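Look over the sequence and the model before reading on. The text then goes through some of its helices and charged side chains.

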Amino acid sequence: MIAEEGKTFLGHPRGLFVLFFAEMWERFSYYGMRALLIFYLVQHWLYSDSEASVIYGAYTALVYITPVIGGYLADRYLGQRKAVLFGAVLLTFGHFLMAFEGSGGQDSAAINIFWLALSFIIVGSGFLKANISVIVGQLYARTDVRRDPAYTIFYMGINLGAALGAIIAGYLGQTYGWSWGFGAAGFGMLFGLLVFMWGKPLLMGRGEAPDPARLAAPVAGIKFEWMLYIMSFLAVGVVWVLIQYQSLVGGMLMGAGAILVAYVLYTAVFRLPREDRDRIFAALYLIFGSILFWALFEQAGSSLNLFTDRSVDRHIFGTEVPASVFQSINAIYIVLLGPVFAGLWLWLGRRGWEPSAPAKFGLGVIQLGLGFLVLVAGATAAGTGNLTPVIYIFLIYLLHTMGELCLSPVGLSAMNRLAPAQLASIIMGTWFFASATGNFTAGLIAAATGAEGAGPERVTEVYSTVGWTAVAVGVGMLVVSPLVRKLMHLDTLADDATTHALAGEGELAEPAAAGIRTDTELKPGEVRS
């Protein structure tokens with residue numbers, strides 16, 4: 001069935017705009033809460049910078065892991081619509097729980113409510129973020145030329161929500177009190193839930209369960225669907241333990257990652273023909289490169305957020321801006337620069353000048369490193385004991401966003417292009433585990449900037465080290481990119497007529513080429529076109 005069966009708005013199914021606003025409000029809540037989290041841990045619960053950074057890293061890592069499970073459950077049993085609805089309920093509950101501050105300090109009984117709030121948000125994210133963008137694709141036939149513009153509209157909603165969340169919730173939280181900021185995030189999620197419920201008829205039956213009879217069948221006297229929900233609440237309890245013992249998260253990532261990589265390598269070496277095997281090697285190379293990128297990029301919400309709060313002159317036009325509000329800059333840059341990068345790749349591709357995916361990864365890592373070095377240069381020029389000019393915060397986010405546009409959408413496209421059909425989901429799952437590993441490692445790096453008794457000089461010292469390391473690694477990636485490109489065997493990559501019609505002519509042939517926020521709004525194996 002195709003999208004023309006329903007009424008349209010601006011040439012698109014009206015269901016697209018239901019999903020646009022539902023996801024916009026979900027991103028509002030997530031990024032509003034995320035902008036405040038590191039400050040909440042340090043200033044309210046009185047964790048040290050190092051402890052707070054590790055907790056933050058474990059939280060963001062778990063947010064990247066759960067969509068793999070949520071996507072599987074939706075595909076196999078629930079369908080995307082029910083999974084998104086259930087996830088939105090969990091998220092709404094979790095965000096409102098964040099507004100219960102208690103007396104503060106780690107001895108407060110209310111800290112258990114805080115851990116529970118994070119757990120609900122993590123599990124809810126797994127159900128929602130893995131599946132809502134899938135429904136966008138289901139509104140269109142695969143040959144529908146409106147698919148790419150639809151995803152561009154959808155991702156604009158993601159970034160609009162991310163920017164507004166950081167600005168509004170961040171400002172309220174750091175100006176009027178934590179409950180104001182987290183409460184705003186909670187109401188944002190509630191609005192998203194209500195929009196999604198209201199707009200169900202406009203989704204035209206998309207995202208429904210593959211086997212409704214299976215969901216209705218009793219298991220131990222309980223409908224199987226409700227059994228899944230009950231098990232999900234039990235999963236909240238498991239996450240409640242994991243988030244408090246962050247070493248368990250690190251061990252889980254290492255163990256699961258090692259199993260995933262070993263399985264992929266075994267399959268590639270012993271079960272795939274030579275060209276498919278080489279493509280898997282190229283995919284793993286890109287996956288490992290992404291770990292370094294996210295480990296450094298995700299300093300934004302932790303160590304860079306704290307540095308902005310303590311060591312930057314945040315006065316703009318005579319008004320001091322709360323540090324959390326600067327978390328909106330990345331999303332704003334993506335909205336502004338995403339179309340520029342998409343047009344740039346297309347322009348270069350038509351002339352045969354477009355860099356290969358491995359080369360774009362190298363460029364992304366170099367720009368990431370340069371961002372840190374620019375901030376270090378600004379702090380050094382300001383002098384010891386003086387605040388760093390705010391322009392350097394805008395510059396580091398600019399360079400990091402340009403690096404993200406070179407790497408993140410390109411990586412998603414490459415995973416889908418390089419993985420043979422029988423390994424598509426497992427390769428995408430490995431990509432998400434790499435993102436989770438990068439986020440957890442980001443917490444460890446941020447912890448190094450907050451060593452006991454360290455001041456802003458320690459931050460710039462660590463940033464200088466990781467900056468030069470990233471530049472060196474990025475240059476190395478550029479040098480070896482021709483070899484990795486050969487492993488991709490692009491000249492013999494099979495492509496059916498439908499895919500070719502959707503892909504276009506450039507090497508980067510995904511709507512995500514627009515570079516608009518990638519997060520985890522993609523379930524394992526789902527193509528973003």
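Predicted model: local features only at pLDDT ≥ 70, side-chain atom pairs only at ≥ 80, totals over all residues.

Residues are numbered from 1 along each chain as its sequence is written, and side-chain values use heavy atoms, with hydrogens and water left out.

Helix α1 covers residues 14–44; helices are DSSP runs of H or I with at least four residues, numbered from the N terminus. Of its 31 residues, 27 are buried, so α1 is largely enclosed by the rest of the structure. Buried means under 20% relative accessible area, exposed over 50%, and partly exposed in between (1.4 Å probe, protein chains only). After α1 comes Leu-46, with a positive phi near 65°.

The structure holds 14 salt bridges, each a side-chain nitrogen of Lys or Arg within 4 Å of a carboxyl oxygen of Asp or Glu. One of them joins Arg-279 and Asp-276 (2.9 Å, N to O). Both residues lie in helix α11, 3 residues apart, about one turn of the helix. An α-helix has 3.6 residues a turn, so residues three or four places apart point the same way. Arg-279 counts as buried because its relative accessibility is 5%, and Asp-276 is buried too.

Arg-277 pairs with Asp-278 in a salt bridge, the closest N and O atoms being 3.6 Å apart. Arg-277 is partly exposed at 25% relative accessible area, whereas Asp-278 is buried at 8%.

Methods. Helix = DSSP H or I, 4+ residues; strand = E, 2+ residues; numbered from the N terminus. Expected span 1.5 Å × (residues − 1).
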